[in-house]
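Have the sequence and the 3D view open as you read.

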Amino acid sequence: MTLITRRKFLTAAAVTTGATALSAIPMVAGAKELNKNLKWDKDYDVVVIGYGGAGAAAAIAAHDGGAKVLIVEKMSEGGGNTAVSSGGYICTDDPEKAKVYFKNLFKYANSEMDEEQVDIFANECINLTKYVDSLKDGLEQYVYGYAGFQSIEGSESIRKFRVKGKKRGGDNLFDAYKYAVEEKRKIDVRLNTPAKDLIRNCDGEIVGVTIVTNGKEENICARKAVVLTTGQGGIKLC
Ligand SMILES: Cc1cc2nc3c(=O)[nH]c(=O)nc-3n(C[C@H](O)[C@H](O)[C@H](O)COP(=O)(O)OP(=O)(O)OC[C@H]3O[C@@H](n4cnc5c(N)ncnc54)[C@H](O)[C@@H]3O)c2cc1C
């Protein structure tokens with residue numbers, strides 16, 4: 001087993017829902033070696049593995065940065081946990097106060113904190129409603145709640161938002177992602193397609209991925225990055 005980090009992994013620092021943005025995404029996996037017998041079936045700049053909120057956001061960012069992108073999803077539809085979640089995300093209009101609140105929350109919970117990550121989250125979540133707006137024209141968002149711990153300093157800076165829609169919560173958010181990926185950008189999405197192996201060159205860089213559709217394996221070259229956004233799942237590699 002190898003510990004995979006950047007380029008070797010560009011992990012999606014994508015903002016999906018608050019919990020995702022705050023959680024580190026350590027990925028432990030092995031990889032098969034690129035060798036002269038291995039043939040590429042297709043090539044992309046970026047291959048995103050897992051089509052939940054993080055995968056959709058990563059694919060959008062890569063596409064908008066000029067990359068040719070493929071998303072592979074093992075299930076028959078995208079959404080993952082994102083679509084069955086409550087779909088709430090935190091936005092603040094005062095990152096400095098939000099930082100105080102988040103840091104106090106960690107202390108209150110007696111939890112280990114990555115201060116840099118919390119600072120990034122607080123600074124970026126000011127843009128979150130604008131980002132969600134950009135997914136689809138005419139999309140409506142609403143405030144459905146406030147800080148969970150009102151007595152903690154900085155709590156007044158926290159608002160919790162959701163996307164309005166006919167469904168329950170996260171599925172409204174994922175519908176917006178799906179529109180942004182499939183309709184607005186026409187990014188290639190392969191459903192019912194688990195990623196099976198990562199492919200590593202002799203320098204140890206991840207340069208592709210083996211995917212499986214209807215039992216048939218294909219080797220996909222990823223010229224720039226493979227992004228792992230498999231949520232709680234992942235790739236089981238030998
Ligand atoms: C009931 C519930 C309510 C929640 N409410 C909230 C909330 O209000 N706010 C909040 O911030 N968080 C909430 N969460 C947590 C939130 O849903 C997750 O943190 C977030 O959805 C994770 O997004 P993701 O894109 O990382 O993973 P996911 O959305 O789970 O996407 C991962 C995708 O990867 C696919 N995949 C896995 N392995 C492979 C493979 N080998 N090949 C191809 N595809 C693969 C999966 O099928 C899945 O579609 C809630 C969770 C639950 C369960």
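## Ground rules

This is a predicted model, in which local features need pLDDT of at least 70 and side-chain atom pairs count only at pLDDT 80 or more, while totals for chains, interfaces and linings use all residues. Residues are numbered from 1 along each chain as its sequence is written, and side-chain values use heavy atoms, with hydrogens and water left out.

Helices (H or I, at least four residues) and strands (E, at least two) are DSSP runs, numbered from the N terminus.

## Where α6 meets α7

Let's start with α6 (residues 128–135) and α7 (residues 170–184), which pack at about 50° with their axes 8 Å apart. The axes are lines fitted to C-alpha atoms, for helices over the stretch in contact, and the angles run from 0 to 180 degrees between N-to-C directions. That angle makes α6 oblique to α7; under 35 degrees would count as roughly parallel, over 145 as roughly antiparallel and 65 to 115 as roughly perpendicular, with the rest oblique.

On the α6 side, the contact (heavy atoms within 4.5 Å) uses Tyr 131, Val 132, Ser 134 and Leu 135. Facing them from α7 are Leu 173, Ala 176, Tyr 177, Tyr 179, Ala 180 and Lys 184. By class, the residues of this contact divide into eight nonpolar, one polar and one charged. Here Ala, Val, Leu, Ile, Met, Phe, Trp, Tyr, Cys and Pro count as nonpolar, Asp, Glu, Lys and Arg as charged, and the others, Gly among them, as polar.

How many salt bridges does a search of the whole structure find? It turns up 17, where a salt bridge is a side-chain nitrogen of Lys or Arg within 4 Å of a carboxyl oxygen of Asp or Glu. One of them joins Lys 99 to Glu 96 at 3.0 Å, N to O. Both residues sit in α4 (residues 95–108), three residues apart, or about one turn of the helix. An α-helix has 3.6 residues a turn, so residues three or four places apart point the same way. Lys 99 is buried at 12% relative accessibility; buried means under 20% relative accessible area, exposed over 50% and partly exposed in between (1.4 Å probe, protein chains only).

Two other bridges reach out of α4. Lys 97 pairs with Glu 156 at 3.8 Å, N to O. Lys 97 is in α4 and Glu 156 is in the loop between β7 (141–146) and β8 (158–163), so this pair ties together parts 59 residues apart in sequence. Lys 97 is partly exposed at 38%, as is Glu 156 at 49%. Lys 103, meanwhile, bridges to Asp 119 at 2.7 Å, N to O, tying α4 to α5 (residues 115–124) across 16 residues of sequence. Lys 103 is buried at 17%, while Asp 119 is partly exposed at 22%.

## Inside α2

Helix α2 (residues 53–64) has 12 residues and spans 16 Å from first C-alpha to last, close to the expected 16 Å, which is 1.5 Å times one less than the number of residues. Nine of the 12 are buried, so α2 is largely enclosed by the rest of the structure. Among the buried ones are Gly 53, Ala 54 and Ile 60. Just after α2, Gly 66 takes a positive phi of about 100°.

## Ile 199 in β10

Ile 199 belongs to β10 (residues 195–200) and is buried at 0% relative accessibility. Leaving out residues up to four places away in sequence, Ile 199 touches Leu 34, Trp 40 and Val 207, among others. Ile 199 and Glu 33 are 166 residues apart in sequence but 5.7 Å apart in space, C-alpha to C-alpha.
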